[in-house]
Amino acid sequence: MLNHFRNAIAETLPWLSSFGADPTGGMTRLLYSREWLEAQQQFKKRMAESGFDTRFDEVGNLYGRLTGTQFPDEVILSGSHIDTVVNGGNLDGQFGALAAWLALRWLKETYGAPLRTVEAVAMAEEEGSRFPYVFWGSKNIFGLANPAEVKNISDAHGINFVTAMNECGFALPAAPLTPRQDIKAFVELHIEQGCVLETNGQSVGVVNAIVGQRRYTITLDGESNHAGTTPMRYRRDTVHAFSRICCEAIAKAKAHGDPLVLTFGKVEPQPNTVNVVPGKTVFTIDCRHTDAQALRAFTEVLEGDMRAICAEMNIAIDIDLWMDEAPVPMDAGLVQQLTALCEKERLNYRVMHSGAGHDAQIFAPRVPTCMIFMPSIKGISHNPAERTHIDDLAEGVKTLALMLYQLAWKN
């Protein structure tokens, strides 16, 4: 079984990765681009040639379907997104779609038609790399995407969303799509995009939750002044205030421990010149945790600390909390079923959370959902150097196939 999937991956992954291959390495396949359309069309052709009924929905999500013999109206769905970031790797997203097809193709050839209908899906978009909108594919499956939100948006080259969509043969719906009611379970296979599995020498991750995120933009206003003539005790230096905030917050995050993570990702001091005390600094904070209460409690302490530091230093502070996404747990029953499968197969696995967002977080509040992770070499992702050993890829597809067999081929 593993040899079969190794050979299948070795043949199909380079083929699918050729659509949008970047001359400098990696892949660029943005929503409604020529490369995106070619990948979807060629993937559709391959699935059809292997005996799947294929179709696009209104926005370009691609489905390959095997109809169930006993429960045709109950759909077990697996897949991921087909788009990439600019100059990204060839595993993030697309391997989950490819793996769903490979797993279902093997199950069909081995066991015949399923009892429940199964579908492999290559979702149109998740990354938000071309247009300022994310999860366009999965949101449309559940009628969550409002066409009015994308009607007037454009990419970095000024190309309108609707224009790009029309050029690929799709038309913007007049209203949100009717939510699908037939999906009974969703399983997403994905690379970890982190280093936990590789560091621990494990080949499979059973994801029990996707972290919640709170993101801030913080503006500190002090006073710009001459670097040579302003004594230290008279300064209202916003970089000094930022440095205190950053150091104290990270120390508290380390003391708090896993799974909380805290990142100060962007810092812009002004006027940002060598001989002026910086009178204004704008910076961002990204804080994540699998527990909503713990995430809120930690960030509320952080907000209080920042205000106290700024009050002490006579600096004004504006705190803009612009993202407040709750954690998304996976379905407990599916997690338990997947864990039992890993035990039975004696897989080297761990139960873990996802620190990144995935299409599964759109599915999970609406249908029973689980995720399977595979290791990422050095934890690298969104990068041409993104890699996973083929043995680990094959182990992931095998695990997915066994899970889909339990869900769709067994009573």
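Trainee: How many bridges join S2 to strand S4 (residues 116–123)?
Mentor: This is a predicted model, in which local features need pLDDT of at least 70, side-chain atom pairs count only at pLDDT 80 or more, and totals for chains, interfaces and linings use all residues. Residues are numbered from 1 along each chain as its sequence is written, and side-chain values use heavy atoms, with hydrogens and water left out. Strands (E, at least two residues) and helices (H or I, at least four) are DSSP runs numbered from the N terminus, and two strands pair if DSSP finds at least two bridges between them. Leu66 stands opposite Val118 in S4, and the number of bridges joining the antiparallel S2 and S4 is five.

Trainee: Which residue in S2 is the bridge partner of Thr54?
Mentor: Strand S1 (residues 53–56) pairs with S2 in the antiparallel sense over four bridges. The two form a hairpin with five residues between them, and Gly60 in the turn has a positive phi of about 110°. Across this pairing, the bridge partner of Thr54 in S2 is Gly64.

Trainee: How many of the five residues of strand S2 (residues 62–66) are buried?
Mentor: Buried means under 20% relative accessible area, exposed over 50%, and partly exposed in between, with a 1.4 Å probe and protein chains only. Strand S2 is largely enclosed by the rest of the structure, because the number of its five residues that are buried is four.

Trainee: How many disulfides does a search of the whole structure find?
Mentor: A disulfide is a pair of cysteine sulfur atoms within 2.5 Å. Cys342, which counts as buried at 0% relative accessibility, has its sulfur 9.9 Å from the closest cysteine sulfur, in Cys370, and so the two are too far apart for a bond. Cys168 is also buried, with a relative accessible area of 10%. Over the whole structure, the number of disulfides found is zero.
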